[in-house]
Amino acid sequence: MRLTRYFMPVLRENPAEAQIVSHRLMLRAGMIKQNAAGIYSWLPLGFKVLRKLENIVHEEQARAGHIAMLMPTLQSADLWRESGRYDAYGPEMLRVRDRQDRDMLYGPTNEEMITDIFRSHVGSYKDLPLTLYHIQWKFRDEMRPRFGVMRGREFFMKDGYNFDLTKEDALHAYNRHLVTYLRTYERMGLQAIPMRADSGPIGGDNTHEFLVLADTGESEVFYDSAVTDLSFGDRDIDYNSVEQCAGVLEEFTSKYARTDETHDQALFEQVPEERRRTARGIEVGQIFYFGTKYSEAMGATVQGPDGKPTPVHMGSHGIGVSRLVGAIIEASHDDKGIIWPEGVTPFHCGIVNLKQGDAEADAACESLYAKLTALGLEPLYDDRDERAGGKFATMDLIGLPWRITVGPRGLKRGLVELTSRRTGENEEIPPEQAIKKIAEIYGGHHTGEHVQMMGKRSFHTYI
């Protein structure tokens, strides 16, 4: 993309209404625009990041054998009355009536609807296990929406639901989801710690929240610092293996890590004093096992091996996709702007032309742009007639991980400048070497099922 043809309404000044870093930088970088309290339009730059996160979630769900679908945003109140949650959910639910005077609601979650779909089409234990999920807009009418997309009323969320014959099978599904979430967050450049949490209105006994440590987090968390040394990495997991998935759960949840709602001071004091930590955390996902709570209330049964109707065991698993955009920025920024991890950056690198209109500089930038694009990479070429300082400030603000700077002086020596946004380190190298280095960097940041070898010139890219 060329910046002269792109819609990216960058703001020079900090917006007065923005209270936290991610909200401020998303507004300044032209990623979002507020339409009403807690409701945002996602402008092109923000939308690209949102789609990249969504694609990572889809790829990791598919890896685990989970099946994608799509449910509507509006739901019938009758389903929620059937489960007993319509009146219990509270004022956060946006209730509406259609022209036929039927009670409807803008879905804050989908347990009732997915249970209705299941009971309508699945009748035998032979069809289990089954995990369905979708990524859809949700609405919760927060009393005081704030912090931009971190605490908005409308939000983009992945929610998945497992259906199993027994509690043991459902707990394996729980463990399997924990594995998928660890992989998902690490691909996004985040360390999200699974912490024992409260189930809230979803219900159930087993639940973990995934929290990213950040000063602006809404939750107070207590943890053993040893949990921050854990990394899932590139290990190969058989999602059908009960032992392997349970082993990952044990590894990542055996050390103390809890939110304030479930904090147990006596247990916390058993952690060696030098490893006890109290901090703030941003919730970016949660997994639940709630047994037969919904299946019994709504008649979601299957014919068991004994021929008798058996209520299925269920769980739900959510990732706040739109909230993750803010969480990544909170965890990765400096005083100049955003610093995107390579796995989620909207563009793979920036190209800055220090002397637009100079024949040699223009030609070199066009060559870089064409060759990077041919490899399936997406560069953002700043081809504006703007001072170098303004171009650098824009690139720093929007946070692309790598920048290639092209100017007449360097070109006389056959060199361009490659800069890391994270470290600030500069390296003068020939243009072909810069292309090769960028290609190698991104060759290791796409592990989804659609990715093919870059040597075949079919490097998978997102939006």
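User: Which side chain makes a polar contact with the side chain of arginine 323?

Analyst: This is a predicted model, in which local features need pLDDT of at least 70 and side-chain atom pairs count only at pLDDT 80 or more, while totals for chains, interfaces and linings use all residues. Residues are numbered from 1 along each chain as its sequence is written, and side-chain values use heavy atoms, with hydrogens and water left out. A polar contact is a pair of N or O atoms within 3.5 Å, where within protein one must be able to donate a hydrogen and the other to accept it, and residues adjacent in sequence count only if both atoms are side-chain atoms. At 2.6 Å, the partner of arginine 323 is the side chain of glutamate 218.

User: Is arginine 323 buried or exposed?

Analyst: Arginine 323 lies in helix 9 (residues 321-331), where helices are DSSP runs of H or I with at least four residues and strands are runs of E with at least two, numbered from the N terminus. Leaving aside residues up to four places away in sequence, arginine 323 touches Val149, Met150, Arg151, Glu218, Ile282, Glu283 and Val284, contact meaning heavy atoms within 4.5 Å. Buried means under 20% relative accessible area, exposed over 50% and partly exposed in between, with a 1.4 Å probe and protein chains only. Because its relative accessible area is 15%, arginine 323 is buried.

User: How many aromatic pairs are there?

Analyst: Rings of Phe, Tyr and Trp (its six-membered ring) pair if their centres lie within 6.5 Å, and planes under 30 degrees apart count as stacked, over 60 as edge-to-face and the rest as tilted. By this rule, the number of aromatic pairs is 12.

User: What is the geometry of the pair formed by tyrosine 6 and phenylalanine 347?

Analyst: This pair links distant parts of the chain, 341 residues apart, with tyrosine 6 in the segment before helix 1 (21-28) and phenylalanine 347 in the loop between strand 18 (337-338) and strand 19 (349-353). Both tyrosine 6 and phenylalanine 347 are buried. With 5.5 Å centre to centre and 80° between the planes, the pair is edge-to-face.

User: What is the geometry of the pair of tryptophan 137 and phenylalanine 156?

Analyst: Tryptophan 137 is in strand 7 (residues 130-139) and phenylalanine 156 in strand 8 (residues 154-164), 19 residues apart. Tryptophan 137 counts as partly exposed because its relative accessibility is 24%, whereas phenylalanine 156, at 4%, counts as buried. The centres are 4.7 Å apart with 40° between the planes, and the pair is tilted.

User: At roughly what angle do helix 2 and helix 5 cross?

Analyst: In this crossing, Ile56, Val57, Glu59, Glu60, Gln61 and Arg63 of helix 2 meet His177, Thr180, Tyr181, Arg183, Thr184 and Arg187 of helix 5. Axes are lines fitted to C-alpha atoms, for helices over the stretch in contact, and angles run from 0 to 180 degrees between N-to-C directions. The axes of helix 2 (residues 44-63) and helix 5 (residues 167-187) come within 9 Å and cross at roughly 145°.

User: Which residue does a cis peptide bond join to leucine 128?

Analyst: The residue sits in the loop between helix 4 (111-121) and strand 7. With omega about 0°, the cis peptide bond joins leucine 128 to proline 129.

User: What is the phi of aspartate 101?

Analyst: Aspartate 101 is found in the loop between strand 5 (94-97) and strand 6 (103-106), and counts as exposed because its relative accessibility is 51%. Although aspartate 101 is not a glycine, its phi is positive, at about 65°.
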